[in-house]
Amino acid sequence: MKPSNREETPSPSDLEMEPLEAPPGVDRRTFLMRSAVVGSAAVISGRVLSAEEQAKGAAKSAATVAPASVRLSPDLQVVKNAKGPVMTTVDEFYKVGPGPSSSHTIGPMRITYDFYQRCTKLPADQLAKATGIKVNLFGSLSATGKGHGTERAALAGIIGKEPATVEPAFLDGLAAKPDQVFPVKLGGKTFDASLKDVIYDATKGDFPHANTMTCKLMAGDTVLLEQEYYSVGGGFIEWKGYQPPKKGAPKYPYATMKELQAHADKNNLTLAQLAMANEMAVSGKSEADVNAFLDKISTAMVNIVKSGLEMPVGTLPGPIKLKTKAGEVYKRAVDDKFEAQRGLGVVSAYALAGSEENARGHLVVTAPTGGSAGVLPALVYALGEGGRKLPQEKIREGLLVGAVVGYLCKHNATLAAAEGGCQAEIGVASAMGAAMVAQAHDFPHQVVANAAESSLEHHLGMTCDPVAGFVQIPCIERCAFGAVKAWTGFMIASNEIPADRRVDFDTTVNAMALTAKEMNSKYKETSEGGLAVSVVLC
């Protein structure tokens, strides 16, 4: 017999099934998810809610969720490019420059160098009035720039230094002696520049990109020239009114892995062959030129790992006082009596070596970023002279296909932690590495795609929460895990039945893009959440 003082618990079919509309200003997907939670709670508690009550509860709950992040301006070329075929080339993608961050170090240096070059083209009468250059950093650049050495990189560009050729000792000297003053010559006019000319400005605001900065050539309080710039990830930069350089049409146009694989099947080509054909068509360079660049990049990666392994145990710059360990991990790993553990330990040591070089501010290769710069060099060295000793031709093919994976992630999601958290850096690097290893061993394109998917999938949701804003904790060890996961992704993909994989690469990239969009801004290279607030520095 039912108690007379309680209403009968409704079944789902008894509830009103009216469509719910999200109130203005509330994200529809969040609203619907919160509505489902409110409705479920009502069923469990035995309380009947009308559609109106359910909507009110969902709207209130959804409205309390912290805003995800800065919305990208639709005017950015990186946004517009997502609507056409991939047009990125290897010499744009793999960049040599100083660590610790492609978006916060290499990008800002490229930006201020670009601005310096613009200033040199002004009429002589305007240059005669110049008294200084001012740089303002906004968003994530301002929030974590000090830990990334952004102000030092920006100053280096102002005085005419480029990322690929800047001496690491120069940047180290700025850190040791921050009061240094340098002459800047523009035409017949010379004025001084120092770190005081780089200003850490607002961290919150309606910026076109999370990594926004402005450069101004001043004549006292008068602005002679001003430009707004954006460091959009991976060392790529744009500016207000940016127009991309003219390029050739790709021979095999694609915007997804599915389209690329269709070209491979139709033309009986490997992904490496397709990538080379497109590189030549888009850039106008010969195959020999592309191969020469890939050799230059692989040599740089090998040298970075070797340099990192040779460094004695020391303390990295910054307040964390983190001790380096790549060399020690390597020495112990090579002596491990268990072969499998020895392999894992050695690859991890290679990745630590590259990532510690990045943390020191030494030259690295963006693959795809500075924060993930330990992953691909570790695998290149492990495939070559530091391990399997594959021929250089196979290393080139692997780097080409690894780049294609990076292109697709850039095209359909992001490479910037300030947009998508660490999944966009370490996750993409691991996917690139898995594809590279599979291609270097001549596996079919489905295995290559599956390897990349597997590695990226298991980085989804990874946050970017650098302690004290420095690319050290958790960044350095994450490179080691990214390299090992890349090899794991390759091992799984090369031993499974390729056609049985349930999730494809494009789906996982879309998931990364969605996760990036909905991730709280605290976990997007702002040092406002996660380990950045949990780790106490004494």
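Here is a walk through a few connected parts of this structure, which is a predicted model.

Five strands line up in the order 5-2-6-7-8, making an open sheet with mixed pairing. Strand 5 and strand 8 (236-239) sit at the edges with a single partner strand each, so one side of each has no neighbour in the sheet. On average, neighbouring strands here are turned by 25 degrees against each other, direction ignored.

Helix 5 lies across strand 2, strand 6, strand 7 (222-233) and strand 8, and runs at about 150 degrees to strand 7. Helix 8 lies across strand 2 and strand 5, and its angle to strand 5 is about 150 degrees.

How do helix 5 and helix 8 sit relative to each other? Their axes come within 7 Å and cross at roughly 25 degrees. Angles under 35 degrees count as roughly parallel, and the two helices are therefore roughly parallel to each other. The crossing of helix 5 and helix 8 is right-handed. On the helix 5 side, the contact is made by His104, Thr105, Pro108, Met109, Thr112, Tyr113 and Tyr116, while helix 8 brings in Thr150, Ala153, Ala154, Ala156, Gly157 and Ile158. Sort the residues of this contact by type and you get eight nonpolar, five polar and no charged.

Next, have a look at helix 7 (residues 140-148). Is it mostly covered or mostly open? Mostly covered: seven of its nine residues are buried. Those buried residues are Ser140, Leu141, Ser142, Thr144, Gly145, Gly147 and His148. And what does the covering? Helix 5 (102-120) and helix 8 (150-158) turn up again, and the list also includes strand 2 (132-139), strand 5 (198-200), strand 6 (211-219) and helix 17 (417-420). Just after helix 7 comes Gly149, which takes a positive phi of about 70 degrees.

Strand 3 and strand 4 form a hairpin, with two residues between the strands. Strand 3 (residues 182-186) and strand 4 (residues 189-193) run antiparallel and are joined by five bridges. Leu186, for instance, has Lys189 in strand 4 as its bridge partner. In the hairpin, Gly187 takes a positive phi near 60 degrees.

One last stop is Gly234, which you'll find in the loop between strand 7 and strand 8. Why does Gly234 count as buried? Residues under 20% relative accessible area are called buried, and Gly234 counts as such because its relative accessibility is 0%. Leaving aside neighbours within four places in sequence, Gly234 is in contact with Phe93, Lys95, Ser102, Thr366, Pro368 and Thr369. Take Thr369: Gly234 and Thr369 are 135 residues apart in sequence, but their C-alpha atoms are 4.5 Å apart in space.

Conventions. Residues numbered from 1 in each chain as written. Predicted model: local features only at pLDDT ≥ 70, side-chain atom pairs only at ≥ 80, totals over all residues. Heavy atoms only, no water. Buried < 20%, exposed > 50% of the residue type's maximum accessible area, 1.4 Å probe, protein only. Helix = DSSP H or I, 4+ residues; strand = E, 2+ residues; numbered from the N terminus. Contact = heavy atoms within 4.5 Å. Pairing = 2+ DSSP bridges. Axes fitted to C-alpha atoms, helices over the stretch in contact; angles between N-to-C directions. Parallel < 35°, antiparallel > 145°, perpendicular 65-115°, else oblique. Left-handed = near helix turned anticlockwise from the far one by under 90°. Nonpolar A, V, L, I, M, F, W, Y, C, P; charged D, E, K, R; others polar.
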